[in-house]
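Trainee: Please pick one part of this structure and take me through it closely. After that, show me how the rest is arranged.

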Amino acid sequence: MSTSQAKSIFDPQVYTDLKLKKIIPYNHNTSRFFFELPDGQASLIPVASCIVARASNPEDLRDAKGDPFFRPFTPISPPDAVGELVLLVKRYEAGNVSKYIHSLKVRAEGDTLAFKGPYLKFAYEANQFKEVAFIGGGTGIAPFYQVLTHALRDDNNKTKFKLIYSNISEKDILLRAELDALQKKNPHTFDIVYLVDNPTEEWKGPTGFITVEHIKKHVSPATLGDQIKIFICGEKSIDNDILKGNAKGTHQDLPLKLPHWRGKKTDRTKENSAEF
């Protein structure tokens, strides 16, 4: 939906409270949280960027030293969606912010969450690359989904996108229906490889963690040079398993030397946008 706004409703220096208006459970540990945007406005955050969330009252969520916890999120709602901002949040037992968000309630008076940003992660440009590969797991899908929904609705898009997406089990595959719908609508420019670590007998896809072999099989080689780009977002183990191998020189035929996107799925207390 179009909007006549000139800029994002968010400010990188100042937190803005948004009222929680709806919660839709996705699976056993993940829900969609819908926040109300004021005066019929849209978030208008650039693609690809994130925003930072913390408790509206910082006293409600602090570490042992008294510093407030915060965490970056990439909304799964389009930047031009009027009236609401949607986060996909997985509840982690060790995640102070995720547990806090899952404790919020939809009330008449309204529970709120504080946001600021946006913080640009990568300045996406249409058809900048011949091929883009997204490699990730869990809620690391959110920034990829932001780019995919933006790029694939452009009739002039010529970039071929590949998603290699790993999860614990089939029920943990987030946004699967939405991703499958995008692939069905864009069969020549979007392909998906799902992996699960704990497959059922009915599972027909690959299993285990994402390896360099998976990347070699499904992603074009580094001989394409600047025509191909790989982005990584997910649990720390995905970063380590792939990037450490490349750094040691064992997989120099992969275009992984300078990934622009390396998601960190942990709470933070020091607000340095360079770390987002």
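Mentor: Start with the open sheet whose 4 strands stand in the order E9-E8-E7-E10, with parallel pairing. Strands here are DSSP runs of E of at least two residues, helices are runs of H or I of at least four, and both are numbered from the N terminus. Two strands count as paired if DSSP finds at least two bridges between them. The edges of the sheet are strand E9 (190-196) and strand E10 (228-233), each of which pairs on one side only. On average, neighbouring strands of this sheet are turned by 10 degrees against each other, direction ignored. Axes are lines fitted to C-alpha atoms, for helices over the stretch in contact, and angles between N-to-C directions run from 0 to 180 degrees.

The model is a predicted one, in which local features need pLDDT of at least 70 and side-chain atom pairs count only at pLDDT 80 or more, while totals for chains, interfaces and linings use all residues. Residues are numbered from 1 along each chain as its sequence is written, and side-chain values use heavy atoms, with hydrogens and water left out.

Now look at one pair of strands. Strand E7 (residues 131-137) runs parallel to E10 and is joined to E10 by 6 bridges. Valine 132, for instance, has lysine 229 of E10 as its bridge partner. In general, strands of a sheet pair through backbone hydrogen bonds, either parallel or antiparallel.

Helix H3 (residues 176-185) lies across E8 and E9, at about 145 degrees to E9.

The largest nonpolar core has 34 residues, and those with the most contacts inside it are Phe134, Ile141, Phe161, Leu163, Leu179 and Phe190. Such a core is a set of buried Ala, Val, Leu, Ile, Met, Phe, Trp, Tyr and Cys residues joined through side-chain atoms within 4.5 Å. Buried means under 20% relative accessible area, exposed over 50%, and partly exposed in between, with a 1.4 Å probe and protein chains only. Two or more residues of this core come from each of E5, E7, H2, E8, H3, E9 and E10. H2 gives the most, 8 residues. Phenylalanine 190, leaving aside neighbours within four places in sequence, is in contact (heavy atoms within 4.5 Å) with Leu148, Leu152, Phe161, Leu163, Leu179, Leu182 and Gln183. Apart from this core lies another, of 23 residues, including Leu61, Leu87, Ile101 and Leu113.

There is also an antiparallel sheet, an open one of 6 strands in the order E4-E3-E6-E1-E2-E5. Its edge strands are E4 and E5, each pairing on one side only. Neighbouring strands there are turned by 45 degrees against each other on average, direction ignored. E3 and E6 pair over 6 bridges in the antiparallel sense, and cysteine 50 stands opposite tyrosine 119 in E6. H1 packs on this sheet, touching E2, E3, E4, E5 and E6, and its direction makes about 120 degrees with that of E5.

In helix H1 (residues 96-103), the buried residues are Val97, Ser98, Tyr100 and Ile101. They lie on the same side of H1 because they cover an arc of only 160 degrees around the axis, taken from the directions from the helix axis to the C-beta atoms.

Finally, the whole: the protein has 5 helices and 10 strands, and 53% of its 276 residues count as buried.
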